[in-house]
Structures are given as C-alpha cells and as structure tokens.
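Colleague: Could you take me through the side-chain packing here, one topic at a time?

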Amino acid sequence: MENTKKNTLQNAFAVLVGALLMGFLWRVRGETGWGSSWGLLNAGFVFTMFIIAVKGERKKMDIGWLSLTALSFMLTVPAWGTLLSQITGVLQKADASVPGSVPVYISVTSAIIIMLCLGFGVATLFGIMLGRGFSENQWKVKDFIIVLAVFFISGTIANATVSHWILELIQPQAADLFEKGLAAANVEGDAYSVYMQHFNNISWAKKFDGGRNYFSSIQTISSAIRAACSLIAVRFIVKDKISAKVGTVVSVAFAFAITVADLFFYFGNGGYHMENPSPFSSFIYPWGCWEYFTGFIAGAIITAYILKLRKTENVIEPTFSFVPEKAQTVLTFILGFVFMIGVSIVRPVLERFDDSDYQIIATVIAVLVAIAVVVLMNVKWGLNAQNISRRSLYGVLFTAFTIYIFIVYMFVGIPDKQNFRDLFSLQTIMCIISVSVTLVWSALHVRINKIK
C-alpha cells in the first residue's frame, strides 16, 4: 500500500514536470534561435529524452532513433499567424486608413474548429515515432515509406480538394475576404482557382488581403486530414497498435492544448469582437502565454499517458540491419552527436547574435563547446553511447540541455533577445518555475534510481 502511494506521488510529480518542461520548450520554440521547424526539433529532442528517463530503458530508442524521432517533429510545421485571434469572432479588424472599411466577423465555433485542426496536425509524426519506441512491433523500411507516403500524399490531395470545401462550410468569410483582396489587386479568379495556380505558396498569398489567412486555413485543415490518414495507416497497414495509440493521444493532446490556450488571445485581444481591452496586458502577453500553456497542457497529457502504457518487450529495431555495424555506428554518431547535439548547442547562439558584432566570436565559442561535449561524451560513454544505459544517458542529457537552453533563452544574444529583461511577464515567470522544478525532479530521480 505504501509503495503504491509512493509510486502514485512519483508519477504525479513526473506528470507535473512533463507539463512544465514541455511548456518551457514550447515557449522557447517561438523564440529567435529556435523558431519554426528548428524549435520543434529542439522540443522533440529534449522532451523525448525526458520521457525515456521517466519510463525506462528502450532498445529501440538509441541516440540515432532518438534523433530521428525529434526530426519527425520538423515535418509538421503549420502556419498559424492569422488564426489565433479568430477566437474573438473577428477575422479582420477594420482598417482605419481605408475609408468605409468594416471589420469581418466570423463564428467563434469556426475559429475553434480551425484551432482543433491546427493542434491535431502539429505533432502526429512525432507521436507515431514516440509510440514506435515503446512498441514491440519491429518496423521495416517499407513501413516508414508507407507512413511518409500517406502523410505527404493525403496532405497534398486535401490541399487540392476537400480542405477548400470544409473551409467554405465552416468559415465562408475566409474565401470572401481573399477574393475581395484579389479583386482589389485586379487579379482574376476565385479563391480556389487562384490557390491551385499558386499551390500552397503562402509567400505569394501574403501580397493580397485575406490571402495569407486563406492559405494558412487550407494548410491547417489539410494537416489534420493527413494526420488522421497517417494514424490509420500505422494502425491498419503497419499494424502497430501502440504507435497508433500514442500518435493519436499526442495529436489529441495538442488539439486540446492549442485550443484551450488560445483563450489568452480571446481575453488579451478584448474578448468577443475585441470590445473589451485586457486590464492585464502589461503582465500577460497573449502570444507568449499561448505558447507556454499549449506546451504545458499537451506535456501533462502525453506524460500521463506514457506512464500508463503497459510494459512491452524491450526489442531492438532491426530496420537498418542490412547496413554493416560499423557504418551504423558512424551514421548514429553523425546523426545523434554531430547533428542533433551540435545543432542544439550552436544554432541558438548563432541566431540570437544575428546582425551583431559579436556573432562570429559567439558562434566560434558555441562550436568549441559543442565539440568538447561530443568528445567528452564519446570518451566517457563510447562512440554510440554503448557504455551507459539509455535511461541514464537521457537523464543526464535532458537535464544538461534544459539548463543550457534556459541560459541561452534568458541571457544570450543581443539585448532585445535576453528574456531576463522581461522578468515580470507571466511566460517568463513560468519558464523560471519550469526549469527550477524540472531540475529538482531530475536530482531526486537520479537519487531514487541509485537507491533502487
């Protein structure tokens, strides 16, 4: 009874840390130095290491497969810049510089549907790959090809067909606004025909009023469709129940999280129809809080589900068994140590000193640090980290990278990139709490495992 209570408390603490850690990583994801697909790579890399440290040793999650799992996150990068404020029921505010301009109103329900689609499609491949690590199924090369083919083909077909019909059904104002923008620029054609002429080229669409939003909305709906198709392929073609379940939970977690956290934009932008300015605007920034609490909610759900997964046989993934062992070791070293660890150390520093006189020297220092870390790891643990358990390795690495990311996020870069200058905003306070609690958990986790 006492052990059960202790395990329950340990699991509850781990879920809290999973929430705090992903909240921090998702907030960092939007910052200079990470951002877009590189931010997703960073989040997938660190959070997966935390999950393995919590759940236990998995042979299918060596440093190479860990890197591929993190890389899978980079394939799902939607555009959401015009979508977040729609929860107020406003698609576009009136333009004071244009005589007679009026706001474009939409239903809040349509905005919620769009946000659910956005979240559902943002992390599906990562969820599938994370589930693969805990599955007994041994994937073949053709299985990965099938899933990726379904992912890209279904998304492309949706972009060309059904996504436009769905958007017209739930939010016809999106096409109307785009078509008015086209007409004002003397471009002939309706929203669909013009989209097909400039297929998925959102950079082109930004030149027209409503264009960026229309292209983003189509991409968002298509991302949810391709996510669903990929999960179906994993379950019924690859026939991996655990990967499909974990992928589904990760997708649903982000759909729920990204939508609920959007309430920060609702209240921060004045509520319904933007009529009531927020009294907390100096403390609660909608964008930063939306990022942080999206990660927080999703991280809690994913960690809780992974902890409840039944134990499966700890098998080796034979996918690349046809590759000679020495070549596998070299490829794992390049992918895991040189690319994954190297990029995670160097890129944030390079980007945060962009256009600065200190960029070159700061980057050189970061490169030297990365080389030193890789050399020390290989001297201590072997070329493929074969001299340490993966659980211990990832426990050390996720802690070290959490500290490193926090230092860079708070203090490194040109002054306007240094977040310690904005200590009294909610997202910065939450990031400080997140890293502090995570480090406490990490220290206790190491001690508990030593006792065991």
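Modeller: What follows covers aromatic pairs, the nonpolar cores and the salt bridges. This is a predicted model, in which local features need pLDDT of at least 70 and side-chain atom pairs count only at pLDDT 80 or more, while totals for chains, interfaces and linings use all residues. Residues are numbered from 1 along each chain as its sequence is written, and side-chain values use heavy atoms, with hydrogens and water left out.

Colleague: How many aromatic pairs does the count come to?

Modeller: The count is 33 aromatic pairs, where rings of Phe, Tyr and Trp (its six-membered ring) pair if their centres lie within 6.5 Å, and planes under 30 degrees apart count as stacked, over 60 as edge-to-face and the rest as tilted. One of them joins F73 and F254, edge-to-face at 6.4 Å centre to centre with 75° between the planes.

Colleague: Which parts of the chain does that pair link?

Modeller: Distant ones, since F73 is in helix α3 (residues 63–73) and F254 in helix α12 (residues 241–260), 181 residues apart; helices here are DSSP runs of H or I with at least four residues, numbered from the N terminus.

Colleague: And is F254 buried or exposed?

Modeller: F254 counts as buried because its relative accessibility is 0%, where buried means under 20% relative accessible area, exposed over 50% and partly exposed in between, with a 1.4 Å probe and protein chains only.

Colleague: Which residues touch the most other members of the largest nonpolar core?

Modeller: Those are Y214 and F254, in a core of 106 residues, a core being a set of buried Ala, Val, Leu, Ile, Met, Phe, Trp, Tyr and Cys residues joined through side-chain atoms within 4.5 Å. Helix α2 (residues 36–55) supplies the largest share of this core, 11 residues. A second, separate core has 17 residues, including M129 and W139.

Colleague: Switching to charges, how many salt bridges are there in the whole structure?

Modeller: The search finds five, taking a salt bridge as a side-chain nitrogen of Lys or Arg within 4 Å of a carboxyl oxygen of Asp or Glu. In one of them, E291 meets R29 at 3.3 Å, N to O. Because E291 lies in helix α14 (residues 286–308) and R29 in helix α1 (residues 2–29), this pair ties together parts 262 residues apart in sequence.

Colleague: What network is R29 linked into?

Modeller: Salt bridges link R29 with R27, E31, E291 and R352 in a network. Within it, E31 and R352 meet at 3.7 Å, N to O, and both are buried.

Notes. Helices (H or I, at least four residues) and strands (E, at least two) are DSSP runs, numbered from the N terminus.
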